[in-house]
Amino acid sequence: MSRPLIAVTTSARTGWRVYPLINLNLWITGGRGARWGVGRIADLEDIDGLIIGGGDDIGPDLYGGRLGISARLDPQRDDLERCLAEAALERNIPVLGICRGSQMLNVALGGTLDQDAWTTYGPERKIKTILPKREVCVEANTHLSLISGERPMKVNALHTQAVDRLGQGLRISARDTGGMVQAIERVRDPFALGVQWHPEHLFYAHRQRAIFRALVSAARAYRSDRNQTGAMRRELA
């Protein structure tokens, strides 16, 4: 069976270095990537899964907020990714959101964001590094607990915003030790998981590769018109 094709949205500014890492993770776990972005062809008919990658903050106008802090925004990318997320979920296409992508998944389903999460949770807790230095606690009986196990794990952190009010059909699947939401997921098909960290930089860790493996498994099931979460659970069990 050929490898399922996963579209990967990236920033025009940083995609050149982020996409190869994500595609490496997809290839290792049985998939293959196609880079999408503003100005690039994006047709959901051609793909089996979608990754919304990391990058700039999401404009607060998408969820009824106001810009109260200095932030780098990309309105064109916001519009593209929100439309893609909404359309993918409507078509039953599995989705993985990475950092900004996790936040976009939440916004696309009607949720909101905390624009200045480090003020809310305390600046003394701020960790901003590509190294795995933040401890994340996985919620029991979630898809993420099956994918990566229930033990606490160390991840990286490069964000300033975080999930606030959950979008429709989502549940929290991980928090950090300060209580900040670190992962969200859909309860039922289509498979959709959002992680606040960057697992593509942690490809040497099997628990992080498993996140991509779960998406690839769901994408393969989507292509075969089978239950995605069921297929993912059987493959990872």
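Let's start with His143, which sits in helix H5 (residues 143-148). Helices here are DSSP runs of H or I with at least four residues, strands are E runs of at least two, and both are numbered from the N terminus. His143 has 5% relative accessibility and therefore counts as buried, where buried means under 20% relative accessible area, exposed over 50% and partly exposed in between (1.4 Å probe, protein chains only). Setting aside neighbours within four places in sequence, His143 is in contact with Arg171, Glu185, Arg186, Val187, Thr229, Met232 and Arg233; contact means heavy atoms within 4.5 Å.

A quick word on the source: this is a predicted model, where local features need pLDDT of at least 70 and side-chain atom pairs count only at pLDDT 80 or more, while totals for chains, interfaces and linings use all residues. Residues are numbered from 1 along each chain as its sequence is written, and side-chain values use heavy atoms, with hydrogens and water left out.

Now for the sheet. It's an open one, with 9 strands in the order S2-S1-S3-S4-S11-S10-S9-S6-S7 and mixed pairing. Strands pair if DSSP finds at least two bridges between them. At the edges you'll find S2 (32-36) and S7 (153-157), each with a single partner strand, so one side of each has no neighbour in the sheet. On average, neighbouring strands are turned by 25 degrees against each other, direction ignored.

Strand S11 (residues 192-195) is covered on both faces: Ala192 and Gly194 on one side, and Leu193 and Val195 on the other, are all buried. Here is how S11 pairs up:

Helix H3 (residues 100-108) lies across S3, S4, S9, S10 and S11, running at about 125 degrees to S4. Axes are lines fitted to C-alpha atoms, for helices over the stretch in contact, and angles run from 0 to 180 degrees between N-to-C directions.

Finally, look at helices H6 (residues 206-223) and H7 (residues 228-236). Their axes come within 8 Å and cross at roughly 130 degrees. H6 and H7 are therefore oblique to each other; angles under 35 degrees count as roughly parallel, over 145 as roughly antiparallel, 65 to 115 as roughly perpendicular and the rest as oblique. Residues making the contact include Arg213 and Tyr222 of H6, and Gln228 and Met232 of H7.
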